[in-house]
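I opened my notebook to look at rings, charges and helix packing. Here is the structure I worked from.

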2 protein chains.
Amino acid sequence: MKPLKSTAIVGIGQTEFSKQSGRSELQLAAEASLAAIRDAGLKPSDIDGMVTYVQDSNDELQLMRCLGIEQLRWTGRTPFGGGGSSAPVQLAASAVASGAARNVLIYRAFNERSGQRFGQPAPIHYGVGGGGAPARSLHFSYGLDTPAKIYALWYQPYMHRYGVTSEDLGRYVVVSRKHAATNPNAWFYDKPITLEDHQASRWIVEPMLRLLDCCQESDGGVALVVSSMERARDLRQKPVRVAAATQAHRMDGHIMFDYYRPDLVGYPEAYASAQELWTQSGLGPQDMDVAMIYENFSPVVLMTLEAHGFCKEGEAKDFIKSGAIELTGQLPVNPNGGLLGEGYIHGMNNITEAVRQLRGTAANQVADAENVLVTVGRSGLILQKA
Amino acid sequence: MKPLKSTAIVGIGQTEFSKQSGRSELQLAAEASLAAIRDAGLKPSDIDGMVTYVQDSNDELQLMRCLGIEQLRWTGRTPFGGGGSSAPVQLAASAVASGAARNVLIYRAFNERSGQRFGQPAPIHYGVGGGGAPARSLHFSYGLDTPAKIYALWYQPYMHRYGVTSEDLGRYVVVSRKHAATNPNAWFYDKPITLEDHQASRWIVEPMLRLLDCCQESDGGVALVVSSMERARDLRQKPVRVAAATQAHRMDGHIMFDYYRPDLVGYPEAYASAQELWTQSGLGPQDMDVAMIYENFSPVVLMTLEAHGFCKEGEAKDFIKSGAIELTGQLPVNPNGGLLGEGYIHGMNNITEAVRQLRGTAANQVADAENVLVTVGRSGLILQKA
């Protein structure tokens, strides 16, 4: 098999992350895409593949016309929303590794604060076109009409079993906001918080989630270009190798939560994803220099750390308390501030940060980063300095 | 590069094609999928990848539970509706060739006659989630509210330039219904028509499309399993090699029509797709033993034949009149009866027929078929006896 690791992320681009972009989602997609293509040292006409989320409103053909891409030989979309946020890289890498496309543009752009807000009660399916939407229909009629309510129910048994308190969660949030405070791209740039600020923020779903445990709603766009390692050597940037890429959807799961397993504690998809990433890459948790962990809400960071073997089950709260996830710690987590601190571009901005860390160009640079884990639990990547 | 041709279609399955299935779309997807998995000699737990259309209503997680698939490592969806109907095979083959998945299930199932009918005026986007939907919004307000109206406008300049008459179209339809008449899976089994029947059928969009020029609206499900050639040799069926697979989306196109090009005649995507398929496979039109051509409406068959070099521009009507597309002709076309004669499962039933032709198990078997073209113009495959 020609492995995915013959492929690389060769370009990244993004718009500003805001609460009101003042322009269309298509404009955001085009700006981020053009930036990524130029960053790679490519022209739009070099792009022959495209992938985005099923949910993205930006039509491939419209984006082609905006950018001047002449012909696409490969297109695909990924279901599961943020749960699939590593999947576009996996699909693009598959296309390139198999020869189906040469240079694949990945994009995700939305006005998720000034337009349709994910955090508000939604009478329609999100995840239209696959990826757990029917589960939402089942739960909606019981009042579970926002992600905060849906996910809090999943966090509760985990927090109960391991004695995780709101303060424990707050300690993660303080770190994410500390990182954001020194990242000029972050919405919460220069706005660090204290644990007291976290504890003073209002309950969204008591006793699991306070306001500051919730990711932002953001307007913005992010894009990446995936090409082969071979071509990457002739391009503008240091290539970032796709050392491993997987999705992990388990039979009893629903997007990122589950109410039906025999044991309601934990995140089986993340264990499965981690296992697959270690197998593909030949690496393990001890080899990761940075972890980019998708946090729609803070508790999932704890569960994801445990699932990937950075600490034992139930010990993530102590791992965080020890300072391990700080920039100078054993495993810096979300040096960009993550989705709580930097912005919520449906997880894609965690991939661009991983690339920056490996290029050595991040605002909060971790010294000598060689391997970065990017994960949302049910899809994940290991990116590597090539 | 590990080419797509290291992959094969190893299993096919389908439900009956009807006008009222009497069961849910999920049930149809599950029946077709289980049939395809069993046909391959695999178990549901062997499946670790899934792909369907963006538009498919069947959620991956629900289908996993129905079938007993334990874990998926790869999922994707394809935009462009029927225009992308060869794309799921391309994506699945990429996943397998790159090692991202071992055995990928492709499915498409709907109640497209008893449920939401594609042929009726639709106030909503079809192609939600990408693939030309915005174009539809632009044209809807001018009364172009059904595929027949939208596509007829595209056929008109072609028919005008080359003097293609309704009778010319009818000659294709007669052949498709002749093939369907001897295919027990076809809705129009045992119901051949004459050219007079075609000419007596009512106008849908005068002077381009009569009722019998339009594909069916069908209920049903179709599924395929893609694996590696290497594993295929240990499975139940003779493998069918994916000798080439591509999509071809051009900057000025819209799904399968276009109103904005300098020259409104013809189907540039189909020319681009053909070129890519010949390059990938090292084969040419003279090597094709059967052509499976997606026909939402009969005129596209003529344009597609020309784009693939089976005859010169403007000469498809004479090519058809000569008998070339009959079972014993130079290039048998749609021996299953196609989407007009067999059923409309969004193009997927043309892929299963290609597999049967290469296995030698088709109802209307073409002798010694070695290479089969499957195309919808803007996505295509060459399948090959391995």
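This is a predicted model: local features need pLDDT of at least 70, side-chain atom pairs count only at pLDDT 80 or more; totals for chains, interfaces and linings use all residues.

My entries below go through aromatic pairs, then charges over rings, then helices.

Where do Phe110(A) and Tyr344(A) lie? I found Phe110(A) in strand S5, residues 104-111 of chain A. Tyr344(A) sits in the loop between helix H12 (338-341) and helix H13 (348-359) of chain A. The pair therefore ties together parts that are 234 residues apart in sequence.

Is Phe110(A) buried or exposed? Its relative accessible area is 4%, so I wrote down buried. Tyr344(A) is buried as well, at 5% relative accessibility.

I also found one aromatic cluster. Its members are Tyr151(A), Trp154(A), Tyr155(A), Tyr267(A) and Phe297(A).

**Entry on charges over rings.** I looked for arginines over ring faces. Arg210(A) lies over the face of Trp203(A), 3.9 Å from the ring centre. Arg378(A) lies over the face of Phe80(A), and here the distance to the ring centre is 5.1 Å.

**Entry on helix H10.** How many of the nine residues of H10(A) are buried? I counted nine of the nine in this helix, residues 299-307 of chain A. H10(A) is therefore largely enclosed by the rest of the structure. The buried residues include Pro299(A), Met303(A) and Glu306(A). After H10(A) comes Gly309(A), with a positive phi near 80 degrees.

**Entry on H5 against H10.** I followed H10(A) to its contact with helix H5, residues 147-162 of chain A. The two axes come within 10 Å and cross at roughly 60 degrees. That makes H5(A) oblique to H10(A). The crossing is left-handed. From H5(A), Trp154(A), Tyr155(A), Tyr158(A) and Met159(A) take part in the contact. Among the residues they meet in H10(A) are Val300(A), Leu302(A) and Met303(A). Trp154(A) and Tyr155(A) were already in my notes, as members of the aromatic cluster.

**Entry on H1 against H2.** Helix H1 (residues 25-40) and helix H2 (residues 60-67) of chain A pack at about 55 degrees. Their axes are 10 Å apart. H1(A) and H2(A) are therefore oblique to each other. Their crossing is right-handed. In H1(A), the contact residues include Leu26(A), Ala30(A) and Ile37(A). On the H2(A) side I listed Gln62(A), Leu63(A), Cys66(A) and Leu67(A).

Definitions and conventions: Residues are numbered from 1 along each chain as its sequence is written. Chains are lettered from A and ligands numbered from 1 in the order in which they are written. Side-chain values use heavy atoms; hydrogens and water are left out. Helices (H or I, at least four residues) and strands (E, at least two) are DSSP runs, numbered from the N terminus. Buried means under 20% relative accessible area, exposed over 50%, partly exposed in between (1.4 Å probe, protein chains only). Rings of Phe, Tyr and Trp (its six-membered ring) pair if their centres lie within 6.5 Å; planes under 30 degrees apart count as stacked, over 60 as edge-to-face and the rest as tilted. A charge sits over a ring if NZ of Lys or CZ of Arg is within 6 Å of the ring centre and within 35 degrees of the ring normal. Axes are lines fitted to C-alpha atoms, for helices over the stretch in contact, and angles run from 0 to 180 degrees between N-to-C directions. Angles under 35 degrees count as roughly parallel, over 145 as roughly antiparallel, 65 to 115 as roughly perpendicular and the rest as oblique. A crossing is left-handed if the near helix is turned anticlockwise from the far one by less than a right angle, and right-handed if clockwise. Contact means heavy atoms within 4.5 Å.
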